[in-house]
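Reader: I'm new to this one. Could you pick a single part and take me through it closely?

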Amino acid sequence: MLYRPLFGNQQRLFNFKLNKLPNFSFPLMAATFTTSPSSPTSNLPVKRVGTHHGSFHCDEALGCFMIRLTDRFSNAQIIRTRDPQVLETLDAVLDVGGVYDPSRDRYDHHQKGFEEVFGYGFTTKLSSAGLVYKHFGKEIIAKELNVNQEHADVHRLFLAVYKSFMEAIDAIDNGINQYDTDQPPRYVNNTHLSSRVGRLNLDWTDPDQSSKKENEAFGHAMVLAGEEFLHSVRFHARSWLPARSIVLQCLEARKDIDPSGEIMVLTRFCPWKLHLFELEQEMKIEPPIKYVLYQDDRSKSWRVQAVALAPDRFESRKALPAQWRGLRDDELSKETGIPGGVFVHMSGFIGGNITYEGALAMAKTALKL
């Protein structure tokens with residue numbers, strides 16, 4: 001990663017006020033800033049967490065946010081400096097200093113020979129945010145769930161949030177391509193969190209390049225990254241985790257729906273896709289599910305969705321028949337021979353019927369075509 005030119009041994013000290021974001025149990029920081037001299041002799045009543053000044057990235061912004069959610073570093077002051085003498089005096093240091101030593105709360109990842117990964121089968125090299133999450137993520141999640149860190153749900157969410165949110169931040173900061181290919185990407189994606197945090201850096205055309213202005217920008221970056229992190233934790237705690245038990249029950253009942261075992265009916269609509277792939281592997285389900293049926297809450301009609309080849313793929317394991325695609329209503333019912341047809345998408349990944357019986361008949365027929 002490239003950094004902005006340094007302006008001497010400037011040290012930037014943040015004093016944060018705590019605000020509550022609606023519907024979140026963790027505080028977000030509305031930052032007020034002062035500039036401190038580089039002397040480390042200040043007698044501060046709270047912990048001090050250091051990161052580098054200059055151009056910032058998503059990993060240290062998020063890392064600083066997350067570490068302040070812990071009991072040990074709650075309401076800690078953030079000091080932005082590269083002065084090694086100052087860094088040595090701080091209670092924790094993120095993304096600077098060339099040291100990874102959790103026993104001393106040093107969480108840098110730029111030094112030669114650093115190869116730390118999250119574990120549990122993940123192989124992406126960690127950024128400073130990933131290091132903070134690895135060592136403090138369970139505490140943060142346990143506080144959200146209001147349970148002990150040893151609770152099984154804590155560990156399950158710990159892995160899920162890393163997989164769906166944290167790993168991409170680690171990979172982007174370490175310059176790891178998403179795909180193993182020499183071909184250029186088909187499109188540019190600058191809408192991800194790391195890009196949005198990066199755009200909060202001071203623009204080179206901005207006439208005000210002061211420490212105060214840079215601190216304000218970093219404060220905004222912490223809030224942006226932290227808000228998305230908390231949204232991810234809350235989604236997984238309130239939506240993703242309860243959905244797992246629903247999908248599990250529906251998977252176990254799949255052969256009551258059809259002897260093939262390739263059709264699953266959701267008794268209640270929920271985020272099911274990632275759970276389905278994971279549970280299929282855990283339960284060693286063969287053959288895999290081809291179609292998932294669920295009721296549309298708005299229209300009260302039923303949907304038949306073809307399961308994708310993988311969570312990040314658009315292609316289906318078995319798309320709905322080509323001769324049905326693009327048809328609607330009576331035309332679809334006539335083609336399928338099944339009353340109550342509503343539609344089948346042009347790609348064949350989803351279709352609909354007015355009744356459950358009609359949707360199930362569509363899925364059973366599609367299996368045979």
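Author: Let's start with strand S3 (residues 48-51), which runs parallel to strand S4 (residues 77-80), with four bridges joining the two. Strands here are DSSP runs of E with at least two residues, helices are runs of H or I with at least four, and both are numbered from the N terminus; two strands pair if DSSP finds at least two bridges between them. Threonine 51 has arginine 80 as its bridge partner in S4. To get from S3 to S4, the chain passes through helix H1 (residues 58-67), and this β-α-β crossover is right-handed: with the strands pointing away from the viewer, the path from the first strand over the helix to the second runs clockwise.

By the way, this is a predicted model, where local features need pLDDT of at least 70, side-chain atom pairs count only at pLDDT 80 or more, and totals for chains, interfaces and linings use all residues. Residues are numbered from 1 along each chain as its sequence is written, and side-chain values use heavy atoms, leaving out hydrogens and water.

Back to S3, which also pairs with strand S5 (residues 92-94), again in the parallel sense, over two bridges. There, valine 49 has alanine 92 of S5 as its bridge partner.

So what about the faces of S3: buried or exposed? Both are covered, with Arg48 and Gly50 buried on one side and Val49 and Thr51 buried on the other. Buried means under 20% relative accessible area, exposed over 50%, and partly exposed in between, using a 1.4 Å probe and protein chains only.
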